[in-house]
Amino acid sequence: MDLYAHIVGWGMYAPETVVTNNDLAKIINTSDAWIRSRTGIRERHIANEKESTVTLATRAAKEALDRARIRPAAVDLVIVATFTPDYVLPSTASLVQNELGARHAGAFDVNAGCTGFIYALSMASAMIEAGHAEVVVVVGAETLSRVVDWQDRATCVLFGDGAGAVVLQAGEDPGGVLSTVLGSDGAGGNHLIIPGGGSRLPATPQTVADRQHFIKMNGPEVFKFATRVMGRAAKEAVEKGNVRLEDIDLFIPHQANARIIKSAAKYLKLNPDKVYQNLQKYGNTSSASIPIALCEAIAEGRVKDNDNLVLVGFGAGLTWGATVVKWGLPVPYQQRQWWYRALRSMHYRWAKIVAKIGWLLRVLESRMAHRLLRPLEYEPEPEPEAPDAPAVETIAPPEVPPGANGRASNGHASNGDAAKLPEPTIEQK
Ligand code: ACO
C-alpha cells in the first residue's frame with residue numbers, strides 16, 4: 001500500500017509591529033525608493049521583546065493544527081526549519097512540541113538557511129511515505145531581526161520576522177507532496193554567513209565588538225546564485241513529479257527579491273498570474289517565507305483543489321530546493337465555533353500546566369534519587385599494603401615561586417604549602 005503525504009492544515013503568524021522603508025530611512029542611510037526598486041519590499045514585521053522563534057512558531061503551528069482538526073496528541077513529529085533558534089540547545093522544535101502539548105511527538109530542527117522549509121517538508125513527507133509517521137507538523141520560523149546588523153544598510157532592509165506551518169497527514173489517495181529536489185554548494189558558504197558564535201569562532205567580547213554575530217552577505221553573489229538555481233530546481237522537481245511546466249497552477253517561491261522571482265518565472269515561462277509574491281509586506285522571512293506565502297495564497301483563493309503547486313527556495317549554505325505539491329483538501333476550512341476555540345485554548349493552557357508539573361516531578365525525582373542512593377554509593381576498600389614493596393625513589397618538585405606558571409598569586413596561596421597542588425611523583429606518572 002502506497003502512502004502519500006497530504007497537506008491538511010496550514011497556519012501563519014507575523015508579529016504586530018510593522019516597520020516601513022520610511023521608518024528605516026530614519027535610522028540608516030537608505031530610502032524607500034532604493035529598497036523598493038532593488039527588492040520590491042515595502043515593509044516588514046518585527047518581533048517584540050516578548051516574542052521569539054518559539055512563540056512565533058507555536059502560533060503558526062496551533063493555527064495549522066486547528067485547520068487540520070487534529071489533536072496535538074496525535075502528532076508524531078514536529079520539525080522546525082530555522083537558523084534563528086531560541087537556543088543552540090535545546091532545539092526549537094522540542095520547545096514548540098512542549099507548547100503544543102504534542103506529548104507523543106518527536107522533534108528536531110533543520111537549518112538550511114532560507115531553503116529550510118523545503119528541506120523540512122522533504123523530511124516530513126519521506127517519514128510519512130516510509131510509514132514511520134502519520135501526522136507531522138512542519139514549521140518555518142525566524143526572528144531575523146535578532147541577527148541582522150541594524151548598522152548595515154545592505155542587509156537590514158531585506159529581512160523580517162514571521163512563521164508559517166503546515167500539517168502533513170498520511171493518506172492512501174495519490175497526491176500531496178509529489179516530488180522534492182534538494183541541493184547544496186558549501187563552497188559558497190561564506191557568501192551568506194553569521195561568522196561568530198559557533199565552534200569556529202566562539203563568542204568572546206572581541207567577536208561581539210567586531211559584530212561577528214550578525215548576518216554578513218555578499219548580495220550580488222547571492223543574487224547571481226539565486227537566479228541560476230531557482231528556475232532549474234523547479235524544473236527538475238516538476239519533471240520528477242511527472243508534471244509538465246504548463247501544468248503548474250501556482251509557483252510559490254522564496255520571497256527574497258522581486259527581481260529574482262521575476263527571473264525564475266521568465267526561465268520557467270510562467271504567466272505572472274501563476275506566480276505568488278507577498279514580499280512587499282513581509283520582506284525576506286527566510287524559512288518562514290514559503291509557508292507564509294502559501295497561507296496567504298490560500299486565503300486569497302489562489303489555491304484550488306487538484307492544483308499543482310511548485311514551492312522553490314534558495315539560501316545560505318548555499319542551498320536550494322524545490323517541491324511539487326498536488327493540492328487536495330480533505331478538510332475544507334470553516335471558521336471554528338466559539339466553544340471549540342475556547343476548548344482548544346483550555347487544552348493549550350492545560351498542556352502548559354502538565355509541562356510544569358512534569359518538570360517539577362523530574363526535579364523531585366532527581367533530589368529523591370540523590371538522597372536514596374547516597375548510602376549505597378560505592379566506597380572502595382583501602383588497598384592492603386604489599387608486604388615487600390620495593391622502595392621507590394621520588395623526586396621532589398622544584399620550588400615554584402609564587403605567581404609563576406601564569407597562575408594567579410594571592411596572599412594565601414603564595415605563603416602556605418597547603419594551597420599548592422602536589423606535583424606527581426615518578427611512581428604516579
Ligand atoms: N540603501 C541605499 N543604498 C544601498 C543600500 C540601501 N539599503 N544597500 C546597498 N546600497 C548601495 C551600495 O552601497 C552600493 O553603492 P555603491 O555602488 O556606491 O557601492 C549600491 O547600493 C549597489 O549595491 P549592490 O549590492 O550592488 O546592489 P544590488 O543591486 O546588488 O542589490 C541586494 C543589493 C538587494 C542585496 C541584492 O544583491 C540581492 O537581493 N541579493 C540577494 C540577497 C538575498 O536574496 N539574500 C537572501 C538569501 S536567503 C537566506 O538564506 C537568508
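How many bridges join strand β6 to strand β7, and in which direction do the two strands run?

1. The structure is a predicted model, in which local features need pLDDT of at least 70, side-chain atom pairs count only at pLDDT 80 or more, and totals for chains, interfaces and linings use all residues. Residues are numbered from 1 along each chain as its sequence is written.

2. To the opening question: nine bridges connect β6 (residues 135-143) with β7 (residues 161-171), and the two run antiparallel. Helices (H or I, at least four residues) and strands (E, at least two) are DSSP runs, numbered from the N terminus; two strands pair if DSSP finds at least two bridges between them. Within this pair, V135 stands opposite Q169 of β7.

3. Both strands belong to an open, mixed sheet of five strands, ordered β1-β7-β6-β4-β5. Its edges are β1 (4-13) and β5 (106-110), each of which pairs on one side only. On average, neighbouring strands are turned by 20 degrees against each other, direction ignored. Axes are lines fitted to C-alpha atoms, for helices over the stretch in contact, with angles from 0 to 180 degrees between N-to-C directions.

4. Helix α3 (residues 53-68) lies across β1, β4 (77-81), β6 and β7, at about 125 degrees to β1. Contact here requires C-beta atoms, placed from the backbone, within 7 Å.

5. The ligand has 23 residues around it, of which T30, G113, G219, A256 and G315 come nearest; a residue is near if its C-beta atom, placed from the backbone, lies within 6 Å. Helix α8 gives the most to this shell, with five residues.

Conventions
Two residues are in contact if their C-beta atoms, placed from the backbone, lie within 7 Å.
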